[in-house]
There are 2 protein chains.
Amino acid sequence: MNPYQAPLKDMQFLLEQVFDAQATWEQLPAMADVVDMDTAFAILEEANKISRDLLHPLNRSGDEQGVVHKGNDIITPDGFKEVYQQFSDGGWVGLCGEPEFGGMGMPKMLGVLVDEMGYSACNSFTLYSSLTAGAALCINAHANDELKQTYLPNLYTGQWAGAMDMTEPHAGSDLRGIRTKAEPLDDGSYSITGNKIFITGGDQDLTENVIHLVLAKLPGSKGISLFLVPKITVNADGSLGEHNGVTVGSIEHKMGLKASATCVMNYDNAKGFLVGEPDRGLVCMFTMMNYERLAIGLQGLGNAQAAYQMASEYAKDRLQGIAAAGSATGATSDPIIVHGDVRRMLLTIRAMTEAGRALSVYTGKQLDLAKYASGDVQAKAARYVGLLTPVSKAFLTDRGLDATITGQQVFGGHGYIRETGIEQFVRDTRIAQIYEGTNGIQAIDFLGRKITGDNVATLTEFVAEVNASMTELTQANAEHKAMVSQVFAELLTTANYVNDNKKTQPALVNSCAVDFLDAFGYAVYGYFWLLMADKASSHEDQSFAAQKQFVANFYMDKLLSKSQYHLSQVNQGDKSIMAMPADMF
Amino acid sequence: MNPYQAPLKDMQFLLEQVFDAQATWEQLPAMADVVDMDTAFAILEEANKISRDLLHPLNRSGDEQGVVHKGNDIITPDGFKEVYQQFSDGGWVGLCGEPEFGGMGMPKMLGVLVDEMGYSACNSFTLYSSLTAGAALCINAHANDELKQTYLPNLYTGQWAGAMDMTEPHAGSDLRGIRTKAEPLDDGSYSITGNKIFITGGDQDLTENVIHLVLAKLPGSKGISLFLVPKITVNADGSLGEHNGVTVGSIEHKMGLKASATCVMNYDNAKGFLVGEPDRGLVCMFTMMNYERLAIGLQGLGNAQAAYQMASEYAKDRLQGIAAAGSATGATSDPIIVHGDVRRMLLTIRAMTEAGRALSVYTGKQLDLAKYASGDVQAKAARYVGLLTPVSKAFLTDRGLDATITGQQVFGGHGYIRETGIEQFVRDTRIAQIYEGTNGIQAIDFLGRKITGDNVATLTEFVAEVNASMTELTQANAEHKAMVSQVFAELLTTANYVNDNKKTQPALVNSCAVDFLDAFGYAVYGYFWLLMADKASSHEDQSFAAQKQFVANFYMDKLLSKSQYHLSQVNQGDKSIMAMPADMF
């Protein structure tokens, strides 16, 4: 099996031709000074080397060895510490961080592609840095200047890591029930006591400190507040002080992600610092959550890409049977890529993965505009970020599992053997549909808040923009344009049906949310395929252009109509879902 | 988590009310003497106890401990040997075996339900006995009397085990390339030399001998022959002789099924006995393969049932959030079963699993008729067995993975933790889509041989019988009957489209086979739901009757139309699948 190779040509195509990153960056003062297309390409090439040569070699050995909890220490597998040091030294943890505090200030449009590579190469490794970047984002957005100056620089350099401490045994999807307490101290800080479960990177031996963002309740309040709780306290001069009463109770034994430490955390009068306003912790945490939700979508995307590479290579190499029309080469056995069913599997992975990459770059662009633009452009981008975040998380991770399962199927019996490697991607990617809010929760957020929360206004705006954009795609297939336009029209109709009935049928949104999100996902991928086929038609590499058209044709032929299937499910309503009494289950 | 409980009421309902087993058995001389409904129910109750109290407790510990290859020995996890002894002593290995050689002669209609329980309780354990029963079936069908008398009694008692040795490194789905050789010896036996991979139960410490059915080539022949090769030779008096040059090279480390030994087998001039005619080994092996294919379908079904039990119990117990319409009890947190999305997931598993059980019993009935009936009844049943075997294997195992994945999703983060147990079912059931012929191979067999191989004659016959049966279902919903009838009409139209174009589009069958099989599966489940809803309407347990109607309504509302979605895929043909050159993948 060849090592992982990032799909650099496709990544560059998306930035340059499809989403016109250069023009976007030139319009944004904060971006114009730090990035241009040459810089972006150089970063992608370097990220490819790091992912392929440093991270990927840790992937299988990390899975075999796993994380070990020994005494008070969490020990990561061999090589993780050294590579994390190199990764940090390269500035990768702070790639999109604030330049004021030592980050590189790169756009998210670029960052999503680097994240994708990391997840393709090694899920467990990439989670450590991704959570650190997310914690820094939250601190930057909500903490006071003193906290920012104390913590951000060492987070961006990777010297310290970040963690997000939300879940408790009885408070997962529903955080109202959390019991961790924060008592105010005389010095303005707080004393945190309680425990959390499922804390990714709750501790490790990669960094000298771990900065926890902990949800807890103030005395007498039902509201939830957010606290920064370092594993080791930081002295006024920035040096490390004493251990802060933050300990790991145990680590979880999981289906996959075995090199990622998933910790039970205990806080025993740990010193914490309020981030944001009291009782407004969930709002603050959502800054991090939204970032992580996109990042987890990228996990699904990266895993799908890895699955495609492994499976397509195997299919071109493995000889079994001959082509249905007879072997073109006269051989007694053909590579299995000649078989329609194998091609169907590979094309499905590829069509969903390349459109998924387009979704991730598009969402990254909206995040950049929401952060760095102003006026109407900024406001619209913020609406689109809200719309697209749950889709990016859920649709990319659901399709990530599909892709790894389908890729594994291409391998036949060899796909079930650990040594082959693809079964690890199935196990590692499975959690992405669950953590940072299950995909059901994402769908309910999408249909309940983002679609019907504003009476379909943002979706209507988005569809109008898509339709306007499609009229400009002169090189795209006219029939395909009509098909995608029709799907979006039906999507709007169904959204309005749900909106019109949401009050009289209170279970409608919850019951139909997953189907609606899927319907949106397949529709928007149809738009992205039109866009890519159109832009690729003038690509200097004719093979690249032809491939995009072949895969676009496959998408339109075979996958776009899934949108309509899922809409038909939504249109059936919630009656047959809600009718059976609970005790009959 | 409560221990596994077989769905006895549903199993009895299928035998008694839905498929009228008593009348079937009374009409078959070989059955009338050995089984009636009381016997069948007693066997089911006993099988439930064995599965729940003996097999299920081995499931997780077996996964944790795994099989060990030490020196020349394959060591199964703690408890397997003792339980296998008890299981064998109870006669369960020979449940459906020939009474002439010590089998219990029970009908397959009943056997499928016992197998399902075994797979729900412990996949790895059940494979050992299932392969033994399959090997006995093949020997009984094709071997000479001497081999039958020598080997069948000890296989039926479970004293010896059976294995199916087909795959070689370069010969998996395509067996033409196998290299294992059989040289004739003077005494009429053969000397077998070569090696095989992926041999389930290739060796273990549960039984004193393992009887391998090995595919090999005779000198100078391209044809494939079948040989019986015992691990330890058997003397003329039936006592065990010497080791027979059959050794385990290594065992595979797999995604799941860790307590099942998957072996690389080496044969070094091992003594073997021809089974059936020279060069007709594949035909003989298919007797076993067809049995195993249905058995593997039952693995998918059993795993789906286990997933439903675990997930529905969790959903009724786990408190998170409140119902969309407000808590009915006024509680601050409701069990998650109140949420539409959770109900949707559970209803999907349940609707597919209960219809899948109907498919397995129906297929079992056809197997019994094909074996024990005569004349037209026998001939038609044999055609239906051919039609339904690939569907039972592929559709039940694909839905088995869906069910375990969906069940895991209900658990949220807890579903990813090994301790919870459901992630093991995901890992264990994944192989069922691959082994005994990948589900792609099943679909190509279905559409290529079973549907278009006789120019749609058997399917047309089957659909006519379904339509005739539906007219008799006076208690079933008329609208639902019309919907199912419509789906079958479209299925026939699409089958004829493929049949009409299979010669001019040689890749059509291979490209569209998986979608066609899925379309058939959802259609036939529609019929089974009508049948079950109709028959349940007079069930003495009103709650049982109501549940069947609720789930039938859900199926018709939400799942039946998947058949039409998959047909639309078939009708799109193979053009976009076959167009892209192989080097562009």
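Mentor: Welcome! Helices (H or I, at least four residues) and strands (E, at least two) are DSSP runs, numbered from the N terminus. Thr247(B) sits in one such strand, E10 (residues 246-251) of chain B.

Trainee: What should I know about the model itself?

Mentor: It is a predicted model, in which local features need pLDDT of at least 70 and side-chain atom pairs count only at pLDDT 80 or more, while totals for chains, interfaces and linings use all residues. Residues are numbered from 1 along each chain as its sequence is written, chains are lettered from A and ligands numbered from 1 in the order in which they are written, and side-chain values use heavy atoms, with hydrogens and water left out.

Trainee: Why does Thr247(B) count as partly exposed?

Mentor: Buried means under 20% relative accessible area, exposed over 50%, and partly exposed in between (1.4 Å probe, protein chains only). Thr247(B) has 36% relative accessibility, so it counts as partly exposed.

Trainee: Which residues is Thr247(B) in contact with, leaving aside its neighbours within four places in sequence?

Mentor: Contact means heavy atoms within 4.5 Å. With those neighbours set aside, Val264(B), Met265(B) and Asn266(B) are in contact with Thr247(B). Asp203(B) is 44 residues from Thr247(B) along the chain, and their C-alpha atoms are separated by 8.4 Å.

Trainee: Where does H10(B) bend?

Mentor: A bend is the angle between axes fitted to the seven residues ending at a residue and the seven starting there. For H10(B) it is about 30° at Thr287(B).

Trainee: What makes H10(B) largely enclosed by the rest of the structure?

Mentor: Of its 37 residues, 29 are buried, so H10(B) is largely enclosed.

Trainee: How much area do chain A and chain B bury between them?

Mentor: Buried area is the accessible area (1.4 Å probe) that two parts lose on being put together, summed over both. For chain A and chain B it is about 7,700 Å², with 58% on carbon and sulfur atoms. Tyr416(A), Lys558(A) and Phe585(A) supply 12% of the area that chain A buries against chain B, more than any other three residues. The contact takes 91 residues from chain A and 92 residues from chain B.
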